[in-house]
Amino acid sequence: MLNLMRNCPKEAAHLRKELLIAARHIFATDLRQKFIPSIDKLFDEDLLIGKGITLDSIRPLAYSTLADLAHHVRQSLSLDVLIKAVNLFSKNVHDETLAVGIQTMSCKLLLNLVDCLRHHSEIEPQRSRAILSKLLKVFVKKFETIAKIQLPLIIQKCKGQSFCGPSTNSSSPASLSLINVPDLKEDQISNEPAKSSGTGIQWVNSVNVAEFRSLVKTLVGGVKTITWGFFNSKFQISDTGLPNHEKLFSPDILHSYIDLVHYAMEALDIYTINVNPNQQRTSGLISRSKEEKEVLEHFSGIFLMMHSQNFQEIFSTTIHFLVERIHKNQSLQVIANSFLANPTTSPLFATVLVEYLLDKMEEMGTNLERSNLYLRLFKLVFGSVSLFPVENEQMLRPHLHKIVIRSMELALISDEPYNYFLLLRALFRSIGGGSHDLLYQEFLPLLPNLLEGLNRLQSGFHKQHMRDLFVELCLTVPVRLSSLLPYLPMLMDPLVSALNGSPTLISQGLRTLELCVDNLQPDFLYDHIQPVRAALMQALWKTLRNQDNAALVAFRVLGKFGGGNRKMMVEPQILSYQKTEKPTISIVTYFQEYETPIDFPVDEAIESALRALGSNSTEQFYRRQSWEIIRCFLAAFISLDDEKHILLKLFTHVDFVESNIINSSTLQHKIENETVRGTHQTALIGMLVASATKDLRDSVCPVMAAVVRHYTMVAIAQQAGPFPQKVYQTANGVDPLVLIDALASCMGHEEKELCKPGIACMGIILDTATNIMGNKERACRLPIIQYLAEKMISLCYDRPWYSKVGGCQAIQFLCKHMSLRALFQNLFNFLKAFMFVLMDLEGDVSNGAIDITKNYMKTMLEICLSPISECYKNADLNDLQSKASYEVIHELVRHITSPNAIVREESMALLKHIGTLQSKTVSEVMDPHKDVLADIIPPKKHLLRHQPANAQIGLMDGNTFCTTLEPRLFTIDLTNTYHKLFFHELLTLSEAEDATLAKLDCYKNVPNLIPLRTSALRALAACHYISDIGYKEKIINIIFKVMENDKPELQETAYLCMKHFITGVTLEKEKVWDQTQRLMMSCAP
């Protein structure tokens, strides 16, 4: 038969085809054993296929026939023949002229040869291992081809993009380096005519995708088999003598596995393609996803059998890529799940993953998609602790402090703090089962500050879902009850909030309360409950009305309290009552049968309409009807019965443009009946809420613009023009200032979308006033505009952070649109409001409000303190600008020694910015206000140690700032007693041990001395200009000593201080050498 193949004419393709078919039948019988001695000749393609150009069509038949023979006799083949088989079929795997099915068949044969190579490894270990290594590279290379070239084309084709061009087949096999895009296009898109006809292109797509899925599945199985072959083959152990050395991969093989992670995880995207986009989802989709899960589990299995050292090397290198792939294809999370669910790999992979996630924690506060992914992966890591407590507690333990502390720190400054508290909740839930004592011990030092912070947050003003989360975190801190006893008072307020909250919180609160009642002495518990006893008992009695299991638990807890549960009966109850007897706005309705009309109060209807508009669950029909009620109420209230020509004559009167504007107090314009005014304000708020609703916006906005314009015109008519009124006489007229109150309510609302219509309304008010009054400067002198500015400033002094943000946004708008004169007059008040926001939000969760405020302050100063353009310039305006500038700089200079770090740092930054705006040095900007700091820099009246810790930091930082300016604003003079005393206190703070400082009264209750030390070091380093050589030496010695400290923050500060200090000092080489040698010795293990 071999002679027939050899002698068959090269152009007789049909004869060779018949010969191959006959050979296939022969190989299917026991006669195939006779071919074993000569099988190596069949691996010669010139013999098997021939050299004819027309013979390419029979190549698939020839290779499949040879593969069948090799598969059946593989156990009897020598290593040399196996190598030939591996070479031939490895080439076929990468031959793009062959159908995908033949490539898959070649892969299957190669993975079946792995077991044969394992048998041969007992005799020739090195060659067998080399062949296995080659097989691994072949499969990885194929993954690369699919991921980088073939998969993008398949995805494009399935999206409906067509490719044009002639159909030409390449005659020679192409390896990866020879493959180009046109070859692949024709291979995948121009199939045989029989395939393209009949069922159309969609069927071709389905076949191609299915074939490639089968190929990927085979490749994954092949790599898993090869990996199995590595660990079950007999290889020579090197001279190291380590018993596990044979299980460790060489760098070359390890690199192949790293490439495998990169390319295989991209190639697995083949399962994300929907092959039947026009068909309904049937059971076929379920089976496909089942197949995908199996492939992913097999892929995970490749790495699960590895040595732990190799596993860690691979994934510490590829963890970033792995997470990126999971972000793009969520199905790949199965791989991470498998690693964390395996007892061997779980602690290794969890360590790599948690270290990666800790580096990415900052992104959780900005990028919503990323934060959801990172949160999901954190939950996987935490879940693995419950799965394998012994191994994974040790894994999580060193990272616990950083997770908790970083979450609390980043929550204070991020735009989306909610994600950080979700992370803490996931952590608390996963380790709070009572069986992780190692982690509880690690958690104890964090408990006081954490509980204090969470308690402060839950009692503050936040959106409801945030408050619920704070309460839950307070009640689920993962420590034993015995550890919580010193902090039990901090749990009382959250406990009451929980019992008055959602069903989930009620259950949590009842569990916590019952745990305390069951395990604590009654007297001890009652003493702690006393401050909240009434509220707690009322909440428990209220819970009895619930229709779920919570009522039974509450009943049981009340029973355990005994007689104490009835002592609350004497406490005042929470009642709903009318605050005033004054009449409300009503619709007067007459009926034929009755002489007396009936009044239907409107206030309840307006309030219900506002609630319906503000709720996300309201149906569209009711939302529209609610708007209709408000619209009709406002139309009736305004009662437009004026004639048009009379109004035009009034508002075009020359007195609006020329005569004086009254300066009477705006409060005199308010109507006395507060109930009527409140209903009116509620209706206006409802109008603004409706304008922020998508499906009502188009119909609401024109009405809103007209109403705002009308109210503004009424206010202008009352406050200027021919008939200004100093006191509002009628009790039934429109009070235009109610519009400003409604705008303030919307700007200060927790839903920040309401700021957009609020800003739009302020624009309409200013434009209307400018048009009537002739120019913007006269418009801004109107009492209504002054009242608007006052109300928006007052928002900055409200407690909730969202009110502060709304106030800042309104002030920013006014800064950009008010006249310069009005802006200069209000600038100082605006600045104080901004400063209060910064001061009040320190240590609070504010959704990025601090950064927003800083940006607004910078913009405001750029508008106000930049040189006035020539077209507006006059002496009066220049004087106003100078006065405003003086007041602002004076205030900022006063704050550079503020105990509040945010205010202090922002004041320094703004002074530098003002210097840039005015083309001056910071010293020149501050010099006129130097007297403010004369007794503070350095402090004269009091010793530094007599101040609180944060005040000390403020004083030291202020000193550092002023003495490092160019030129220096102040200079430390050691001949001055006060200066020398301050200098000695800096030396003490910098070099004294913690234990020594803790003995001083001012530092006894300071938990962290690092900020004090860093401020003192910076202040010392600023003294490089002093003339006393002895003191200079002392400063250098102190800085070098701090460099040896084990705290990274102090080390970094000392390094920066040394860089700054040596700019004004020349150090001796011997001293530098001695100190450096000491540092190097301290770094040595």
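**Cavities, pockets and the residues around them**

Modeller: A search of the whole structure finds three cavities of 30 Å³ or more. On a 1 Å grid over the protein atoms alone, a cavity is a set of points where a 1.4 Å probe fits but cannot get out, a pocket is an open set with protein on both sides within 12 Å along at least five of seven lines, and lining residues have an atom within 4 Å of a point. Points are joined across faces, edges and corners, and a volume is the space filled by probe spheres set on them. This is a predicted model, in which local features need pLDDT of at least 70 and side-chain atom pairs count only at pLDDT 80 or more, while totals for chains, interfaces and linings use all residues. Residues are numbered from 1 along each chain as its sequence is written, and side-chain values use heavy atoms, with hydrogens and water left out.

Colleague: Which residues line the largest cavity?

Modeller: The largest cavity holds about 60 Å³ of space, and its lining consists of Leu944, Arg945, Glu985, Thr988, Leu989, Leu997, Leu1000 and Tyr1003. Helix α46 (residues 977–991) supplies the largest share, three residues; helices (H or I, at least four residues) and strands (E, at least two) are DSSP runs numbered from the N terminus. By class, this lining divides into five nonpolar, one polar and two charged residues (Ala, Val, Leu, Ile, Met, Phe, Trp, Tyr, Cys and Pro are nonpolar; Asp, Glu, Lys and Arg are charged; the others, Gly among them, are polar).

Colleague: What volume has the largest pocket, and which element gives the most to its lining?

Modeller: The volume of the largest pocket is about 2300 Å³. Its lining comprises 49 residues, and Glu409, Glu842, Ala901, Asn1008 and Pro1011 lie nearest the centre. Two or more residues come from each of α18 (389–413), α21 (447–458), α43 (901–917), α45 (949–963), α48 and α50. The most come from α18, with nine residues. The lining divides into 25 nonpolar, twelve polar and twelve charged residues.

Colleague: Two of those elements are α48 and α50. At what angle do the axes of α48 and α50 cross?

Modeller: Axes are lines fitted to C-alpha atoms, for helices over the stretch in contact, with angles from 0 to 180 degrees between N-to-C directions. Those of α48 (residues 1010–1021) and α50 (residues 1048–1061) come within 9 Å and cross at roughly 10 degrees. The two helices are therefore roughly parallel (under 35 degrees; over 145 is roughly antiparallel, 65 to 115 roughly perpendicular, the rest oblique). On the α48 side the contact (heavy atoms within 4.5 Å) is made by Ile1010, Arg1013, Thr1014, Leu1017, Arg1018, Leu1020 and Ala1021, and on the α50 side by Glu1049, Leu1050, Thr1053, Cys1057, His1060 and Phe1061. These residues divide into seven nonpolar, three polar and three charged.

Colleague: Is glutamine 952 buried or exposed, and which residues does it touch?

Modeller: Glutamine 952 lies in helix α45. With a relative accessible area of 0%, glutamine 952 is buried (under 20%; exposed is over 50%, partly exposed in between, with a 1.4 Å probe and protein chains only). Not counting residues up to four places away in sequence, glutamine 952 touches Leu944, Arg945, Gln947, Leu989, Cys1002, Tyr1003 and Leu1012. Among these, Leu944, Arg945, Leu989 and Tyr1003 also line the largest cavity. Asparagine 959 is likewise in α45 and is buried at 2% relative accessibility.

Colleague: Which backbone values deserve a second look?

Modeller: Most residues other than glycine have a negative phi, and most peptide bonds are trans. Serine 919 has phi near 55 degrees, a positive value; it lies in the loop between α43 and α44 (922–926) and is exposed, with a relative accessible area of 69%. The peptide bond from glutamate 966 to proline 967 is cis, with omega near -5 degrees, and proline 967 sits in the loop between α45 and α46.
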